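Please keep the sequence and the coordinates at hand while reading.

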Amino acid sequence: MSEVLVLVDHIDGTVRSTTAELLTFARRLGEPAAVLLGSNSGAARETLRSYGADKIYVAENSQYDDFLVVPKAEALAHLVAAASPAAVLIASGGEGKEIAGRLAIKTGSGLITDAVDVQISDGELVTTQPVFAGDVTVRSIITRGVPIVTLKPNSVTPETQPGAGVEVALEVSLSQQATTARVSERRPRETTGRPELTEAAIVVAGGRGTGGDFAALEAFADSLGAAVGASRAVVDAGWYPHSLQIGQTGKTVSPQLYVAAGISGAIQHRAGMQTSKTIVAVNKDPESPIFEAVDFGVVGNLHDVLARAAELINARRS
Amino acid sequence: MKIAVCVKYVPDSSGPRTFSSDLTVDRSGDGMLSELDEYAVEEALRIRDEAGDVEVVIVTVGPDDARAAITRALQMGADAGVHVVDDAIHGSDSVGTSLVLAKVLQQQAADIVLCGMASTDGSMGVVPAMLAERLGLPQVTLASEVTIDGATVRVRRDGDSAVEVVEASMPLVLSVTDQCNEPRYPSFKAIMAAKKKPVSTLGLADLAISPDEVGLRAAWTRVVSYEERPARTAGQIVTDEGGSGADQLVEFLSARRLI
């Protein structure tokens, strides 16, 4: 079996759950080989082994942190040439897709982004991805080079399965081109104490109907252990940070449960959430289009409904 | 200074969108300048407003109708347009599109190649990075804020786990998000003025690109099948009366084993 390269997304050795998902996908396609780039990656190795990495390519080099996108693309291109992998898997997201785009050009390989599934069907690698705001699902094949696929978070449940995790030192001489866009400052996002939006099993999102008051919504989210997101209207009003915006120009989420509170459900918003498994809405307007897209809807004051629901759920838990 | 803004003509995202019989995007209906590209046009105009001597050229690749995307950008205030139209381009993927754009951009020799964060139809968001790769230019992409300081472009990039400040020297490829600015609406005067602005039309031969290098058959990926998302079966809607809504909501979540 051939190697399947998985680009590891980590911050100082803490591996994001998307990487565990990619390793789970990689095991279906061949022998998972994690590609671990950047500084302070030591702690990541045990996690990668536990999710089945047979091999771990390690380049402990701060250039991967100091310059944007290109060094990572060059390291992967080097490995594509050296290891002739069956595929390269990268997490969807701004940086992941840009790395994938450059890698596709460098290696003359076809690229699929934002896939939710990848499997071998009749000996061929087939991807599945939602398009047109999730209204249509497409299956594609890659007809040239080494298939490069970026996968959306939450596309598979990560499964642990110990891998050999043999470490291989990776020496890549980066081009001059790799060091032209310098990251002069990096501030980690403040953590809210809640799950990361794109990785959460439950997402509770607020819209214009919150009036900017997220207290009941956040209490409800916390009773469920959910992430909190917002519609574009809320972000534009300055009530919630852009990093938590759900929709076409924000994050795409696909959780087990999505709760839309005070959100009317414009197509731009639905683009970011309509592949969620179960959808619930609370809105005071019974004519709101969001109710056409839900499994369960409550017509009422969202602050009252969510505050009471949070109390009921907390009472069940205690 | 010269800024080349790459824009895309896309099907109206508020209407139904589907595929043609050859499994390419059906572009027969109403189209428009991709909403996310308006931010790129606006950013170019904003840089011009601040720096003065700047020429803003709009570049698009697409069928005859795609001229409308250039027209809109000229109405917003851009100076000139380049429209690459050639039947052989039909069905190109991001690889083919970036090849054609890169050839135009080589001719243009702009100081800044400016793009939106993604199209609203394909929405891959990879073309800016591919252009930087093909042109051998630095990429400062997904900018939520842009500062020009002499020949240096500095941007704020709001990543998933961190906020980064990235900088590079011109010439470079810059892409901007919808957080960057508020696109202007063309005034009546600007709409009239746009009619007089030059738009050149190029074919593949003008760019020394062989028809075999682009289009559906040259694409490195292929759609094998698609299906419309099944309509959701109508959900249960209840009206809250004195707390009943929360009670029923919790019952629903419990029945679905979500709590």
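In this predicted model, six strands are arranged as an open sheet in the order E15(A)-E14(A)-E16(A)-E17(A)-E18(A)-E13(B), with parallel pairing. Strands here (E, at least two residues) and helices (H or I, at least four residues) are DSSP runs numbered from the N terminus, and two strands are taken to pair if DSSP finds at least two bridges between them. The edges are held by strand E15 (227-230) of chain A and by E13 of chain B, each of which pairs on one side only. On average, neighbouring strands of this sheet are turned by 15 degrees against each other, direction ignored.

Residues are numbered from 1 along each chain as its sequence is written, while chains are lettered from A and ligands numbered from 1 in the order in which they are written. As the model is predicted, local features need pLDDT of at least 70 and side-chain atom pairs count only at pLDDT 80 or more, whereas totals for chains, interfaces and linings use all residues.

**Strand pairing**

Strand E18 (residues 296-299) of chain A pairs with E13(B) in the parallel sense over four bridges, and Val299(A) stands opposite Thr239(B) in that strand of chain B. Helix H9 (residues 302-317) of chain A packs on the sheet, where it touches E16, strand E17 (278-283) and E18 of chain A, and its direction makes about 130 degrees with that of E17(A). Helix H6 (residues 215-224) of chain A lies across strand E14 (202-206), E15 and strand E16 (257-261) of chain A, and runs at about 180 degrees to E14(A). For these angles, axes are lines fitted to C-alpha atoms, for helices over the stretch in contact, and the values run from 0 to 180 degrees between N-to-C directions; contact itself requires that the C-beta atoms of two residues, placed from the backbone, lie within 7 Å.

| Strand | Partner | Sense | Bridges |
|---|---|---|---|
| E13(A), residues 182-188 | E9(B) | antiparallel | six bridges |
| E9(A), residues 124-131 | E10(A), residues 136-142 | antiparallel | six bridges |
| E10(A) | E12(B) | antiparallel | seven bridges |

E9(A) and E10(A) form a hairpin with four residues between them, and Phe132(A) in its turn has a positive phi of about 50 degrees.

**The contact between the chains**

How many residues does each chain bring to the contact? Chain B contributes 61 residues and chain A contributes 70 residues. Several elements of chain B each supply at least two residues to the side that touches chain A, among them helix H3 (94-108), strand E9 (162-169) and helix H6 (244-255). E12(B) gives the most to this side, with eight residues. By class, the side of chain B that touches chain A holds 26 nonpolar, 20 polar and 15 charged residues, where Ala, Val, Leu, Ile, Met, Phe, Trp, Tyr, Cys and Pro count as nonpolar, Asp, Glu, Lys and Arg as charged, and the others, Gly among them, as polar.

**Chain B and the interior**

Chain B comprises six helices and 13 strands, and its C-alpha trace spans about 65 × 45 × 40 Å along its principal axes. Of its 259 residues, 48% count as buried, a residue being buried if 20 or more other C-beta atoms lie within 10 Å of its own, exposed if 12 or fewer, and partly exposed in between, with C-beta atoms placed from the backbone. Helix H2 (residues 67-76) of chain B is mostly covered, since eight of its 10 residues are buried, and just after this helix Gly77(B) takes a positive phi of about 140 degrees.

Ala219(B) is placed in the loop between strand E11 (199-202) and E12 of chain B. Why does Ala219(B) count as buried? Ala219(B) does so because it has 21 C-beta neighbours inside 10 Å. Leaving out residues up to four places away in sequence, Ala219(B) touches Gly91(B), Ser92(B), Asp93(B) and Gly96(B).

The largest nonpolar core has 130 residues, of which Val6(A), Val35(A), Leu89(A), Val5(B) and Val113(B) touch the most other members; such a core is a set of buried Ala, Val, Leu, Ile, Met, Phe, Trp, Tyr and Cys residues joined through C-beta atoms within 7 Å. A second, separate core of 53 residues includes Val259(A), Val280(A), Phe296(A) and Leu312(A).
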